[in-house]
Amino acid sequence: MEMKSDSVEPEKSDFLQPLDSEIQTWMSKAFDMALEALENGEVPVGCLMVYNNEIIGKGRNEVNETKNATRHAEMVALDQVLDWCCFREKDPKETDIPLVVYGCKNERFGGCGSVLDVSSDHLPHTGTSFKCIAGYRADEAVEMLKTFYKQENPNAPKPKVRKDLISPPSGAVAIQVKQGPQDEESETIAPLS
């Protein structure tokens, strides 16, 4: 598979061609990790970092389990990569990322072509350009995410309900502000009719 340094997404025809068997193998393992995350009450994301056909970092989301917002799959895997670099006496800055493959875009926060494009935009301090393959098994990735968001998150904060509002059964409320004695404001709450 030829690597293009400035390509964000492959052309539509690239999706019709089979991906390299190594990429299929690695992505299958990443999807297994995402499924494991889902089974453990986490957002279903798995991440593998591969160097010379060797896994040097792997992770799945652990945010809910650890109650630590930094334990995203990529960060868990990156911790292992940094350990690997230290063990091999390799400067982490020397490990360029030539290729990123992922399942589905995040249209609100995505960094590989959705909101921002760190893969090919010439942004300060983002390293060298790399190739991105977006949409690998995208339908399956989206379904796993939907499954997660349909279930209740036991670690989510409980919603706060104001107990001082009195609402009629229809749910309609009118709040009227009027001038009181000595120009003080007061509120009255009455149902709309």
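Is arginine 60 buried or exposed? Arginine 60 is buried, at 11% relative accessible area (buried is under 20%, exposed over 50%, partly exposed in between, with a 1.4 Å probe and protein chains only). The model is predicted: local features need pLDDT of at least 70 and side-chain atom pairs pLDDT 80 or more, while totals for chains, interfaces and linings use all residues. Residues are numbered from 1 along each chain as its sequence is written, and side-chain values use heavy atoms, leaving out hydrogens and water.

**Overall make-up**
- The protein has five helices and six strands (DSSP runs numbered from the N terminus: H or I of at least four residues for helices, E of at least two for strands).
- Their order along the sequence is α-α-β-β-α-α-β-β-α-β-β.
- Of the 193 residues, 25% are buried.
- Among contacts with a separation of 6 or more, 51% join residues 24 or more positions apart (contact means heavy atoms within 4.5 Å).

**Salt bridges**
- The whole structure holds five salt bridges (a side-chain nitrogen of Lys or Arg within 4 Å of a carboxyl oxygen of Asp or Glu).
- Glutamate 36 pairs with arginine 60, with the closest N and O atoms 3.1 Å apart.
- Glutamate 36 is in helix α2 (residues 21-39) and arginine 60 in strand β2, so this pair ties together parts 24 residues apart in sequence.
- Glutamate 36 is partly exposed, at 38%.
- A network of salt bridges links Glu36, Arg60 and Glu65.
- Arginine 71 meets aspartate 79 at 2.9 Å, N to O; arginine 71 is buried at 19%, and aspartate 79 is partly exposed at 35%.
- Glutamate 143 meets lysine 146 at 3.7 Å, N to O. Both lie in helix α5 (residues 138-150), three residues apart, about one turn of the helix.

**The β1-β2 hairpin**
- Strands β1 (residues 46-51) and β2 (residues 54-60) run antiparallel, joined by six bridges (strands pair if DSSP finds at least two bridges between them).
- Two residues separate the strands of this hairpin, and asparagine 52 in the turn has a positive phi of about 50 degrees.
- Tyrosine 51 stands opposite glutamate 54 in β2.

**Cysteines**
- The structure has zero disulfides (pairs of cysteine sulfur atoms within 2.5 Å).
- The closest cysteine sulfur to that of cysteine 86 is in cysteine 85, 6.9 Å away and too far for a bond.
- Cysteine 86 is exposed at 62%, whereas cysteine 132 is buried at 0%.
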